[in-house]
Amino acid sequence: MVDDGEGDELIVPRGAVELLARVLAHMANGHSVSVVPEHAELTTQQAADLLNVSRPYLIGLLESGEIEFRKVGTHRRVLAGSLMDYKHRDDLRRRGAADELAQLAQDLDLS
């Protein structure tokens with residue numbers, strides 16, 4: 001709950017407060033923050049920038065079917081939602097690989 005000093009109160013959902021806290025933490029660390037609607041169509045360069053990969057690498061992901069896209073004339077367009085779905089799947093895949101390596105190191109007593 002937020003009081004504006006004039007007796008008016010605004011109730012903010014916990015999820016919104018947590019999101020705002022994460023945004024502010026990123027900004028405090030000097031990182032840029034972008035808010036993009038899920039239905040927004042991105043150019044390949046914008047999508048590559050959001051994933052922090054090169055444009056040619058992103059195009060490889062598009063052409064291999066990892067990320068959905070459509071063509072507008074000769075240009076590829078990526079839905080922000082499709083990009084975030086890929087990022088989520090990739091994060092899960094990376095975490096799984098890291099967990100596997102940690103378990104292997106523990107099994108081999110390499111710690």
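The lining of the largest pocket is made up of 10 nonpolar, 3 polar and 6 charged residues (Ala, Val, Leu, Ile, Met, Phe, Trp, Tyr, Cys and Pro count as nonpolar, Asp, Glu, Lys and Arg as charged, and the others, Gly among them, as polar). This is a predicted model, in which local features need pLDDT of at least 70, side-chain atom pairs count only at pLDDT 80 or more, and totals for chains, interfaces and linings use all residues. Residues are numbered from 1 along each chain as its sequence is written, and side-chain values use heavy atoms, with hydrogens and water left out.

Let us stay with that pocket. Its volume is about 530 Å³ (the space filled by probe spheres set on grid points, which are joined across faces, edges and corners). A pocket here is an open set of points on a 1 Å grid over the protein atoms alone, where a 1.4 Å probe fits, with protein on both sides within 12 Å along at least five of seven lines; lining residues have an atom within 4 Å of a point. Of the 19 lining residues, Leu50, Leu51, Met84, Lys87 and Asp91 are the closest to the centre of the largest pocket. Helix H2 (44-51) and helix H4 (80-107) are the elements that each give two or more residues to this lining (helices are DSSP runs of H or I, at least four residues, numbered from the N terminus). H4 gives the most, with 8 residues.

The second largest pocket has a volume of about 390 Å³. Among its lining residues are Leu19, His26 and Val35, and the lining divides into 4 nonpolar, 4 polar and 1 charged.

Finally, look at the loop between H2 and helix H3 (55-63), where Asn52 lies. Asn52 has a positive phi of about 60° although it is not a glycine. Asn52 is exposed, with a relative accessible area of 70% (exposed means over 50%, with a 1.4 Å probe and protein chains only).

Definitions and conventions: Buried < 20%, exposed > 50% of the residue type's maximum accessible area, 1.4 Å probe, protein only.
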